[in-house]
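Hi there,

Here is the structure I promised to pass on. Have a look at it first, and then read my notes below.

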Amino acid sequence: MAALVVLLLALAATGGLYAAFAPADEAKADDAAQSLAIEEGKRLYDVGCSSCHGAGGQGSSDGPSLVGVGAAAVDFQVGTGRMPMQQPGPQAPDKPAVYTQAEIDQLAAYIASLGPGPAQPNPSAYDPAEGNAAEGGELFRTNCSQCHNFTGQGGALTHGKEAPGLDDVDPRYIYEALLTGPQNMPSFPDSTLPEEQKQDIIAFLQEVNTSESENPGGFTLGGFGPVSEGLFAFTFGIGALIAVTVWVGARTAKARKS
Amino acid sequence: MSSNDNERNDQVLSDDHLPASPEGKSQVAVADDPFADPGLPHHEPRRQDIDERAAKRSERTISLLFTLAMLSTVGFIAVYSTVSVEKIVYIFPFGHVSATNFGLGLTLALALFATGAGAVHWARTLMSDLEVADERHAVEAAPEVRQKVFDDWKQGVAESQWTRRKMVRNTMLGALTLVPLTGVVLLRDLGPLPYSRLRHTAWEEGSLIINEATMQPLRPEDIVVGSLTQAMPEGLDPHAEDFHAEIAKAAVMLVRLEPEDIKDARSAEWGHEGILCYSKICTHIGCPATLYEQQTHHALCPCHQSTFDLADGARVLFGPAGHPLPQLRISVNDEGYLQALGDFEEPPGPSFWERG
């Protein structure tokens with residue numbers, strides 16, 4: 001993180017100095033930085049991604065085409081460690097990211113250059129503090145809860161696939177997943193779920209599904225609702241009563257212990 | 001029960017109604033009988049029966065438990081009246097829980113448990129634990145009692161003129177037979193008959209398709225390939241009294257497939273440029289079947305895992321659902337908005353007897 005901040009500061013300082021000394025060539029400088037990132041991204045892509053997604057991102061039998069998926073999809077898939085995929089399977093699970101954020105940005109720039117697609121969101125777009133958690137709850141229950149459970153605990157799909165739990169996921173990745181529809185998740189583009197509604201959903205998840213979330217009832221037991229709660233009460237509640245009864249009955253009250 | 005009670009019973013009831021006593025003539029003594037009644041074991045005293053200091057200790061323990069129960073009850077009232085319901089505290093291993101819930105639960109559990117524990121300890125250590133045998137007696141009444149009941153019954157029948165005045169008897173039987181019909185008629189109040197309402201929804205020709213997230217009508221360009229949109233017909237007011245009855249039948253989901261991925265020709269024709277609009281009410285028992293996998297085009301129902309192939313006319317691939325999800329015919333109107341071309345062709349939602 002520190003390295004990233006230093007890098008960003010250095011980049012900003014360099015860019016600022018450049019802009020100060022050569023204001024007339026500003027646009028040209030941006031273009032140059034962009035084409036440098038694309039070039040670097042292509043180099044990374046050829047090494048790390050092209051074996052499945054094909055040279056030039058047109059896809060192969062082992063991986064889908066990346067033309068038009070946009071920078072947001074790259075940032076989500078590579079940033080959460082889902083890509084590069086460890087092994088073929090029904091689903092690419094998240095794992096520690098392999099690339100640094102700077103490399104991810106270069107990869108994203110390259111993929112974005114292949115065809116128009118959703119760009120990486122602005123941090124203000126997914127700031128949970130700006131969203132309305134109550135509205136977000138309504139939207140989450142209508143659009144997301146069928147797969148991710150009503151408090152974002154996740155759930156099973158078919159043939160080994162699953163909708164992952166959303167606890168403590170970085171708001172940026174939630175936003176990007178909604179925007180791009182990774183793997184089998186459908187996308188929720190801004191045309192059907194506008195930016196502020198995505199923010200509401202993020203605010204709702206922040207409210208109910210982080211390690212800091214308030215949970216007045218105590219144990220969530222997986223957040224599955226009354227079935228798991230009833231089973232818990234039945235097994236452990238009645239089990240404890242039986243254990244106490246057996247313990248009382250097993251001990252004789254007589255003076256002579258036989 | 002003491003032996004005095006047994007003697008008193010012997011006087012009231014004749015010997016015939018009592019089980020044979022051990023000294024009775026019916027008892028046959030068998031040498032080395034393997035099934036002989038061993039009788040009650042020798043009574044063992046408890047420490048509290050022979051040592052008054054132990055009894056005193058038990059008394060103090062029991063009183064302590066009951067006092068703890070009283071204090072817990074007072075604590076319950078104190079928590080209820082002083083702790084704010086808004087207050088959240090961190091308690092390991094429960095996490096960030098409501099202070100009121102935790103306090104009330106803990107004090108009430110302690111009060112109930114201490115009361116019960118005190119009662120059990122009292123019964124086990126101080127109350128008498130002498131084994132007591134109480135013989136059974138026959139259930140049948142004595143012959144003279146039975147005879148009197150029969151005589152009284154016959155006399156009652158004769159005095160009521162039951163057999164003589166047949167009109168009285170028959171009309172009374174009629175009255176008793178008809179009264180239960182009032183209850184049967186009231187069953188009609190279980191609800192108005194559905195008539196044809198199960199077959200018709202709020203969709204009609206020209207209905208705009210309203211996005212449930214934005215409450216705005218959808219245009220075809222809003223729906224991209226791989227997306228999922230929950231929608232409802234125009235004209236439904238979420239605050240209206242009948243909203244839930246209507247949305248329960250009319251709720252739809254819209255997906256967009258590459259046209260070449262659609263296997264069912266009729267389904268493709270009923271959509272618009274790959275946009276397909278399906279009822280999202282599962283045809284099994286009506287859960288919203290919207291677990292949509294955008295790569296396989298399968299929609300699952302979360303309740304019983306019925307799986308529908310949205311690329312193939314929502315054919316049932318797996319699970320207990322008996323019918324495909326009904327598809328809504330859609331097109332684009334003059335202003336460029338998606339619209340329905342009529343109601344569903346078949347009733348959406350779970351099957352019913354007369355569905356056909």
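How many Å separate the centres of domain 1 of chain B and domain 2 of chain B, taken over C-alpha atoms? The answer is 56 Å. Domain 1 of chain B covers 47-125 and domain 2 covers 205-355, with bounds that come from an automatic or database domain assignment.

Before you go further, some housekeeping. This is a predicted model, in which local features need pLDDT of at least 70 and side-chain atom pairs count only at pLDDT 80 or more, while totals for chains, interfaces and linings use all residues. Residues are numbered from 1 along each chain as its sequence is written, and chains are lettered from A and ligands numbered from 1 in the order in which they are written.

Chain A also comes in two parts: domain 1 (1-120) and domain 2 (121-215). Their C-alpha centres lie 24 Å apart. Domain 1 of chain A puts 16 residues into the contact and domain 2 of chain A puts in 13; two residues are in contact if their C-beta atoms, placed from the backbone, lie within 7 Å. On the domain 1 side there are seven nonpolar, six polar and three charged residues. For those classes, Ala, Val, Leu, Ile, Met, Phe, Trp, Tyr, Cys and Pro count as nonpolar, Asp, Glu, Lys and Arg as charged, and the others, Gly among them, as polar.

Now for some helices in chain A. Helices are DSSP runs (H or I, at least four residues), numbered from the N terminus. Start with α8(A), where ten of its ten residues are buried. Here is the rule: a residue is buried if 20 or more other C-beta atoms lie within 10 Å of its own, exposed if 12 or fewer, and partly exposed in between, with C-beta atoms placed from the backbone. Among the buried residues of α8(A) are A:Arg172, A:Tyr173 and A:Glu176. The buried residues of this helix pack against α4 (70-79) and α9 of chain A.

How do α8(A) and α9(A) meet? Helix α8 (residues 171-180) and helix α9 (residues 195-208) of chain A have axes that come within 10 Å and cross at roughly 135°. The axes are lines fitted to C-alpha atoms, for helices over the stretch in contact, and angles run from 0 to 180 degrees between N-to-C directions. The two helices are therefore oblique to each other; angles under 35 degrees count as roughly parallel, over 145 as roughly antiparallel, 65 to 115 as roughly perpendicular and the rest as oblique. From α8(A), the contact uses A:Pro171, A:Ile174, A:Tyr175 and A:Leu178, and from α9(A) it uses A:Lys198, A:Ile202 and A:Leu205. By class that makes six nonpolar, no polar and one charged residues.

α4(A) is largely enclosed by the rest of the structure, because ten of its ten residues are buried. Those include A:Val74, A:Asp75 and A:Phe76. The buried residues of α4(A) pack against α5 (101-114) and α8 of chain A. Just after this helix, A:Gly81 takes a positive phi of about 80°.

Over to chain B. Helix α3 (residues 52-82) and helix α4 (residues 99-125) of chain B have axes 8 Å apart and pack at about 160°, so α3(B) and α4(B) are roughly antiparallel. Their contact has 15 nonpolar, twelve polar and no charged residues.

Within α4 of chain B sits B:Asn101. It is partly exposed, since 17 other C-beta atoms lie within 10 Å. Leaving aside neighbours within four places in sequence, B:Asn101 is in contact with A:Pro216 and A:Gly217. B:Glu269, in helix α9 (residues 265-270) of chain B, counts as exposed because it has 10 C-beta neighbours inside 10 Å.

Last, the place where the chains meet. In total, 33 residues of chain A are in contact with 40 residues of chain B. On the chain A side, α6 (133-143) and α7 (145-148) each supply at least two residues, and α6(A) gives the largest share, three residues. By class, this side has 14 nonpolar, 15 polar and four charged residues.

Happy browsing!
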